[in-house]
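This briefing reviews a protein model for a reader concerned with its fold, its charged pairs and its surface. The structure is shown first, and the points are then grouped by topic.

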Amino acid sequence: RQKISTQQLSTLYWLNIIIGIFLFILLYIISPLISRFYEDDNLTPLLILVAATFLIKPWGQQFMVLLQKKLEFDHIAKTDISSRLISFIIVIILAFNNYGVYSLAIGSVVFAFFSTLGYIYFGSKLHKPRMYFKLSDLKDFLSFGLFQMGEKILQYFANQFDTIMIGKVLGMEILGIYNVAKNLVSKPSSIINPVITKVTFPLMSQLSNQVEYIKIVFLKITNLLSYINVPIYFTLLFFAEPVVKIFFGNEWMSTVPLIRIISMTYLLKALVNPSGSLLLSQGKANIAFFWKLSTVILYPTFILIGRYWGIIGIAVSLLLLQFILFFPNWRIIVNRICKIKFWEYTKNMLIPLIYTIVPLIFAKILSFRIINPFLELGIALFAYFMILIPMNFIFNKTIILEFKGLLFK
């Protein structure tokens with residue numbers, strides 16, 4: 001929403017604080033029940049301590065969003081980095097003084113406190129909340145917020161379905177192997193994609209109803225994410241063995257086939273990820289919710305089918321599901337909002353794929369039969385970049401200039 005009155009912002013501000021207080025009270029009441037469920041009374045004070053963040057964070061959350069909307073990411077970065085550094089130092093001091101797990105709980109509260117102070121300091125220059133509260137001013141906001149909250153809850157369960165069901169149908173030992181593979185593979189996209197989407201979400205919001213400009217921005221985002229994610233995940237596909245040996249040791253070599261399959265699943269997830277930001281930037285939280293609802297229903301079905309072939313069968317089933325969802329994602333979301341044709345959408349992903357696979361094949365040939373995993377991966381990556389960079393300079397110089405601008409701007 002580009003035009004928001006001071007009264008609406010003030011009402012939203014106090015509503016956020018009220019919700020924070022409610023969540024703190026709720027967790028305070030149910031913390032003994034959670035402790036009983038896990039049969040550990042030590043959890044109760046820890047839960048109450050961490051719940052204190054619900055009393056702190058709402059005071060600065062709106063300021064953080066306003067800073068994002070104004071594209072003032074330098075202030076957000078300064079606040080985030082300094083707060084994490086302070087909390088890290090305090091955690092280390094407490095840990096060395098035998099506070100145990102309480103050092104982590106206190107660290108989360110300290111981070112919430114200092115990040116809130118930073119957001120208030122920078123954000124109060126954009127808006128100062130008034131002592132005003134009128135819920136009737138927020139009809140459209142609440143509708144958007146409830147749909148978005150529902151979509152986020154569904155997203156959480158979608159991300160956990162495989163873990164819950166694998167533990168249930170195949171046992172905890174198999175789940176442990178699967179989780180090692182999943183945690184390794186999911187890290188790159190979970191770090192990279194939010195950095196890009198946090199910047200582009202407010203940018204696309206400002207271009208609301210300007211279809212041609214939204215189309216240009218969206219294609220740029222998918223192209224950039226493709227050039228970053230495709231090399232990472234295809235490197236995991238080609239060189240899963242040395243990666244596992246380096247990070248986990250030879251005893252975890254059974255995760256190699258899983259890593260190769262899951263890497264392709266998370267690559268597809270990373271490439272279609274901007275469509276979520278596209279929907280929200282245009283105020284289509286309801287479509288995002290129903291899209292997520294329809295996809296979440298499919299997860300348990302594919303997992304139950306795949307379980308007949310063991311853990312590999314489940315991994316392949318989930319990869320197949322991502323392939324099946326690719327076209328509907330384009331048709332229902334991307335094409336509907338910014339009129340991008342299917343060939344335009346896929347071209348943005350296929351070109352980085354070609355520029356990645358060719359150098360990786362040469363890298364794999366050069367590193368073939370090398371026993372030492374460090375040497376194998378080192379030679380492979382060196383060969384990969386020695387071929388990739390000249391290829392892009394000769395055939396695709398535009399992307400080099402774009403990355404140069406992104407890194408040194």
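A residue is called buried when its relative accessible area is under 20%, exposed when that value is over 50%, and partly exposed in between. By this criterion L46 is buried, because its relative accessibility is 14%. The coordinates discussed here belong to a predicted model. The protein has 17 helices and zero strands, and a search of the whole structure finds three salt bridges.

**Overall architecture**

- The radius of gyration of the protein is 24 Å, which agrees with the value near 22 Å that a compact globule of 409 residues would have.
- Along the principal axes, the C-alpha atoms occupy a box of roughly 70 × 55 × 45 Å.
- Of the 409 residues in the protein, 45% are buried.
- When contacts between residues at least 6 apart in sequence are considered, 78% of them join residues at least 24 apart.
- The protein has an accessible surface of about 22800 Å², and carbon and sulfur atoms account for 70% of that surface.

- Side chains of opposite charge can pair when their charged atoms come close.
- D80 and R84 form a salt bridge in which the closest N and O atoms are 3.2 Å apart.
- Both residues belong to helix α5 (residues 73-96), and because they are four residues apart, about one helical turn separates them.
- D80 counts as partly exposed because its relative accessibility is 23%, and R84 is likewise partly exposed because its relative accessible area is 48%.

- A salt bridge joins D162 to K182, with 3.0 Å between the closest N and O atoms.
- D162 is in helix α7 and K182 is in helix α8 (residues 172-206), so this pair ties together parts that are 20 residues apart in sequence.
- D162 is buried because its relative accessibility is 7%, and K182 is buried because its relative accessible area is 8%.
- T163 is also located in helix α7, and it counts as buried because its relative accessibility is 16%.
- The side chains of T163 and K182 make a polar contact at 3.5 Å.
- Leaving out residues up to four places away in sequence, T163 touches L175, N179 and K182.

- E344 and K215 form a salt bridge, their closest N and O atoms being 3.2 Å apart.
- Because E344 lies in helix α15 and K215 lies in helix α9 (residues 211-238), the pair ties together parts that are 129 residues apart in sequence.
- E344 and K215 are both buried.

- L46 is part of helix α2 (residues 43-51).
- Apart from neighbours within four places in sequence, L46 is in contact with V101, Y102 and A105.
- The C-alpha atoms of L46 and I106 are 9.1 Å apart in space, while the two residues are 60 apart in sequence.

**Nonpolar surface patch**

- A nonpolar patch on the surface is formed by I18, F133, L135, L142, L146, M149, I153, Y156 and F157, which together have about 870 Å² of accessible area.
- Helix α7 (residues 139-169) provides the largest share of this patch, with six residues.
- One of the patch residues, M149, lies in helix α7.
- M149 counts as partly exposed because its relative accessibility is 47%.

**Loop residue N372**

- N372 is located in the loop between α15 (342-366) and α16 (373-395).
- The relative accessibility of N372 is 39%, so this residue counts as partly exposed.
- A polar atom of the N372 side chain lies 2.9 Å from the backbone nitrogen of F374.
- N372 and W59 are 313 residues apart along the chain, and their C-alpha atoms are separated by 53 Å.

Terms used. Residues are numbered from 1 along each chain as its sequence is written. This is a predicted model: local features need pLDDT of at least 70, side-chain atom pairs count only at pLDDT 80 or more; totals for chains, interfaces and linings use all residues. Side-chain values use heavy atoms; hydrogens and water are left out. Patches are made of residues with over 30% relative accessible area and no salt bridge: like charges are joined within 9 Å, nonpolar side chains (Val, Leu, Ile, Met, Phe, Trp, Tyr) within 5 Å. Accessible areas come from the Shrake-Rupley method with a 1.4 Å probe; for residues, only the protein chains shown count as cover. A salt bridge is a side-chain nitrogen of Lys or Arg within 4 Å of a carboxyl oxygen of Asp or Glu. Helices (H or I, at least four residues) and strands (E, at least two) are DSSP runs, numbered from the N terminus. Buried means under 20% relative accessible area, exposed over 50%, partly exposed in between (1.4 Å probe, protein chains only). A polar contact is a pair of N or O atoms within 3.5 Å; within protein, one must be able to donate a hydrogen and the other to accept it, and residues adjacent in sequence count only if both atoms are side-chain atoms. The radius of gyration is taken over C-alpha atoms; the globule rule is 2.2 Å times the number of residues to the power 0.38. Contact means heavy atoms within 4.5 Å.
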